[in-house]
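Subject: Structure handed over, with findings

Dear colleague,

Please find below the sequence and structure that I am passing on to you. My account of what was found follows directly after them.

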Amino acid sequence: MATTRTRSLLARIPNPRLFCAGALIMLAVITLIVIGMVWMPYEPTAMSPDRLQGVSAAHLLGTDKMGRDILSRVMYGSRITFLVALGTMAIGAGFGILVGAVTGYYGGIVDEVVMRVTDGLFAFPTVLLALVIVSLFGSSTLNVMWALGIAFVPSFIRVARSEVIRCKHLDYVKNARLMGVRDARVIFVHILPNVSGVIMSNVMIGFNNAVLSEAGLSYLGIGSQPPYASLGQMISEAQEIFFTVPSAVLGPGMVIVLMVLGFSLMGEGLRAAEGRMA
Amino acid sequence: MTRTVTKMGGVYETHARLNGSALEVRNLNVYYRERARMLRRGNALERVLHDVSFCVRDGEILGLCGESGCGKSTLSKAICGIVREFDGEILLADERPLMVFQDPFGSLNPAKRVGWLLEEPLRADRTRTWTPDERATRIEEVAAQVEVETALFDRCPTELSGGQRQRVAIACAIMRKPRFLIADEPVSALDVTIQKQVLELLRSLHESMGLSMLFISHDLRVVYQVCDRVMIMREGRILEQGVVRDVYRNPSHEYTRSLLAAAGI
């Protein structure tokens with residue numbers, strides 16, 4: 001039973017090859033993060049006299065200008081970046097899907113108002129909106145997560161709403177309502193599983209944007225504070241030593257690229273030609 | 001007895017005391033309101049059903065015929081209690097009826113498994129609570145009745161044939177042992193051999209359960225096979241109604257005659 005269920009789940013993914021390729025890349029990144037949680041070659045904040053060293057057996061990715069081991073910092077930084085992206089998606093997608101699905105289902109004046117507010121939020125560039133929130137509440141990893149999460153809400157409201165509206169007039173939804181199924185159950189049990197493909201692929205793409213926005217924000221110096229680092233911050237700090245220790249930029253850069261690539265592929269794999277799971 | 005009265009004075013009553021009928025519709029007028037735009041409420045009313053009166057007797061299959069756009073679907077919506085703007089009376093002896101839809105590809109949730117779909121009407125039953133054991137027993141019982149093998153319970157509706165799907169849809173509709181249901185073009189989307197099987201199934205359920213039905217169809221031949229009485233509708237009005245054989249032999253209305261001629265009867 002369990003095996004047939006997983007098999008048919010995989011079979012329902014429109015493009016399993018792309019999805020699996022993405023999943024493999026993500027697995028590699030997550031492995032790096034998990035190893036970093038258990039063991040790192042050096043303490044990521046520990047300074048040492050061996051500054052600006054290149055790639056060597058002692059320091060696989062070299063050291064930065066304060067003599068900190070870059071591999072350890074990459075491991076730590078990926079964890080921060082990944083968790084911020086995850087939290088961002090939990091806030092953005094969780095809230096966005098909830099609001100979008102409910103207002104789309106009921107329609108009417110509340111829907112109209114929510115959509116206009118959403119349009120208003122859309123008018124701000126994501127990073128700018130996050131900047132405003134962070135400067136209001138102070139710069140910390142947690143605040144960046146909230147800021148980005150809120151900035152991502154509108155796009156999920158949009159997607160969930162339009163998908164629910166597309167489905168709510170279909171016969172199986174009418175049928176469920178005739179049977180006396182309660183509205184919340186109609187929305188979350190009858191409709192949402194049918195649009196999960198579209199929504200999941202948007203979550204994957206949103207995850208990418210979250211990784212990039214977080215990196216962008218910390219490049220600007222907003223987010224987790226030194227000496228702790230997220231990937232974007234490491235790149236920002238390393239630009240002056242790029243030609244001395246290229247791995248100081250390439251290391252964190254590579255992880256960002258892998259994360260984004262992995263999620264893009266997974267997202268693409270979930271998106272069928274006609275835009276829904278068949 | 002549950003009675004709802006609309007703003008326009010329309011009465012919708014379930015568990016009503018009716019003398020030997022499953023459904024009585026009296027002087028029903030249904031209106032559609034002009035679509036509300038932005039924040040403005042639409043006001044113009046258009047009458048789509050005109051003074052419709054009929055009844056479905058206990059254990060009877062009543063056919064409803066007419067071209068598309070004549071108000072068949074509106075009438076079925078009104079009977080299901082979805083339409084709000086009407087006057088006149090809709091009285092049901094039982095609970096709100098369920099429907100069997102035309103397209104068995106659209107009426108079953110594609111993300112669920114057949115077993116889950118069959119159980120849902122029982123989970124959604126507001127008149128009583130079904131324990132998991134009772135649900136399992138009931139769905140097996142009904143599955144046997146509509147000849148759906150239990151092996152199919154673990155499949156998705158997308159993996160079933162049109163005929164199997166329509167059987168599942170019918171099973172869902174009769175799961176709570178209703179006395180009355182609405183079949184909205186239940187066989188129009190099926191090919192002829194499957195049509196025959198599904199019609200036989202409906203007929204046998206009608207006989208074994210004493211199920212009354214409002215059978216909507218544009219196919220006069222199908223109506224002839226299944227129904228006891230027939231009602232011909234055009235432009236929101238009932239032109240004539242009577243026992244199928246009588247109406248087919250002596251149509252009193254020119255329109256009925258042309259429908260019969262078109263169907264080659």
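How many helices and how many strands are there in chain A? Chain A has ten helices and zero strands. Please bear in mind throughout that this is a predicted model.

Chain A

Read along the sequence, the elements of chain A give the pattern α-α-α-α-α-α-α-α-α-α. Taken along the principal axes, the C-alpha atoms of this chain fill a box of roughly 75 × 45 × 30 Å. Chain A has 278 residues, of which 45% count as buried. Among the contacts in chain A with a separation of 6 or more, 71% are between residues 24 or more positions apart.

Chain B

The secondary structure of chain B consists of eight helices and eleven strands. The C-alpha trace of chain B spans about 50 × 50 × 40 Å along its principal axes. Buried residues account for 40% of the 265 residues in chain B. For contacts in chain B with a separation of 6 or more, the share that joins residues 24 or more positions apart is 69%.

The sheet of chain B

Chain B contains an open sheet of five strands, with the order 1-2-6-3-4 and mixed pairing. Strand 1 (2–5) and strand 4 (45–57) of chain B are the edge strands, each of which pairs on one side only. From one strand to the next, the twist averages 15°.

Strand 3 (residues 21–33) and strand 4 of chain B run antiparallel and are joined by nine bridges. Strand 3 also runs antiparallel to strand 6 (residues 86–92) of chain B, to which six bridges join it. B:Glu24 illustrates both pairings: its bridge partner in strand 4 of chain B is B:Cys55, and its bridge partner in strand 6 of chain B is B:Leu91. For B:Tyr32, the bridge partner in strand 4 of chain B is B:Glu46.

The nonpolar core

The largest nonpolar core has 145 residues, and those with the most contacts inside it are B:Ala171, B:Leu181 and B:Phe215. Helix 3 (residues 70–106) of chain A gives the most to this core, namely 16 residues. Which residues does B:Phe215 contact, leaving aside its neighbours within four places in sequence? B:Phe215 is in contact with B:Ile61, B:Leu62, B:Gly63 and B:Leu64, and also with B:Ala183, B:Val223, B:Val226 and B:Cys227.

The contact between the chains

The contact takes 14 residues from chain A and 17 residues from chain B. On the side of chain A that touches chain B, the elements that give two or more residues are helix 4 (108–123), helix 7 (171–179) and helix 8 (183–219) of chain A. Helix 7 of chain A gives the most to that side, with six residues. The residues on this side of chain A divide into eight nonpolar, four polar and two charged.

With kind regards

Conventions: Residues are numbered from 1 along each chain as its sequence is written. Chains are lettered from A and ligands numbered from 1 in the order in which they are written. This is a predicted model: local features need pLDDT of at least 70, side-chain atom pairs count only at pLDDT 80 or more; totals for chains, interfaces and linings use all residues. Two strands pair if DSSP finds at least two bridges between them. Helices (H or I, at least four residues) and strands (E, at least two) are DSSP runs, numbered from the N terminus. Axes are lines fitted to C-alpha atoms, for helices over the stretch in contact, and angles run from 0 to 180 degrees between N-to-C directions. A residue is buried if 20 or more other C-beta atoms lie within 10 Å of its own, exposed if 12 or fewer, and partly exposed in between; C-beta atoms are placed from the backbone. Two residues are in contact if their C-beta atoms, placed from the backbone, lie within 7 Å. A nonpolar core is a set of buried Ala, Val, Leu, Ile, Met, Phe, Trp, Tyr and Cys residues joined through C-beta atoms within 7 Å. Ala, Val, Leu, Ile, Met, Phe, Trp, Tyr, Cys and Pro count as nonpolar, Asp, Glu, Lys and Arg as charged, and the others, Gly among them, as polar.
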